[in-house]
Amino acid sequence: MDDGVDGEGTGRRRGRVRANRSRIIEAAIAEFAANPDASMDDVARAAGVVRRTVYGHFPNREALVQGIADEASAALVSLLDGLPDLPDRPDLTTALLALLSWPVGDRFRVLLTFARRELGEERIRDLLVPARAPSLAIIERGQADGVFSRYLPAPVLVALSEAIALAMFEEANRGAVTDSGESFAVASLVLLGLAPERAAAIADEATRWLRESSAASGR
């Protein structure tokens, strides 16, 4: 019986540790968005924890910024692992992935305002690595089907798509992009050779698909 009680106590402690870490990450995202030079003390106050708790999870600011980056990467992996069955159409799937991934990037776009100097450009690009193989497969399929242009090799188009994603989030930081990923979906399809009007129509179709899929699943 004692083992069971100890196990429950350990589980609760681990739960509190995870909850505190998540609270600190969320507070840091908000604080750094408002002030890229926010201190660890600022983050502790915003998280509602004592300074010692923050340092227990992240020994310094660099570790905290890295923690936000790790959280962003994990969120993208979780999204890709939990994708619904997508249509067997490269153009529509591209738009759907843009719409589905936008909230993840939107949550963490604060990284682009200050983390380049702390993490470096390569680490920022590394955050998109989990999506690279799926994107490459979709673009290659679209090129083979004649849906996407072959004016550039698929790996180059993937790299350009990643650059567009980062640029779109940067513009969202500045307030120039305010939608829920529709602009990103259109830009992604135009990059792949579709006319803007056609790309916009497919983005609208993707929005309807997600709405109907969500209704059908009861979410």
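A salt bridge is taken here as a side-chain nitrogen of Lys or Arg within 4 Å of a carboxyl oxygen of Asp or Glu. In this predicted model, the count by that rule comes to 13 salt bridges.

Arg 45 has a relative accessibility of 58% and counts as exposed.

Asp 145 is partly exposed at 42% relative accessibility, and Arg 141 is partly exposed at 35%. Salt bridges with shared partners also join Arg 89, Asp 91, Arg 198 and Glu 205 into one network.

Asp 70 and Arg 123 form a salt bridge at 2.9 Å, N to O. This pair links distant parts of the chain, since Asp 70 belongs to helix H4 (residues 61-81) and Arg 123 to helix H7 (residues 121-126), 53 residues apart. Asp 70 is partly exposed, with a relative accessible area of 37%.

The largest pocket has a volume of about 290 Å³. Its lining comprises 14 residues, with Leu 79, Leu 99, Leu 100, Pro 103 and Leu 210 nearest the centre. By class, seven lining residues are nonpolar, five polar and two charged. Helices H5 (90-108) and H11 (196-217) each supply at least two lining residues, and H11 gives the most, with four.

Methods: Residues numbered from 1 in each chain as written. Predicted model: local features only at pLDDT ≥ 70, side-chain atom pairs only at ≥ 80, totals over all residues. Heavy atoms only, no water. 1 Å grid on protein atoms, 1.4 Å probe; cavity = no way out; pocket = protein on both sides within 12 Å on 5 of 7 lines; lining within 4 Å. Points joined across faces, edges and corners; volume = space filled by probe spheres on them. Nonpolar A, V, L, I, M, F, W, Y, C, P; charged D, E, K, R; others polar. Buried < 20%, exposed > 50% of the residue type's maximum accessible area, 1.4 Å probe, protein only.
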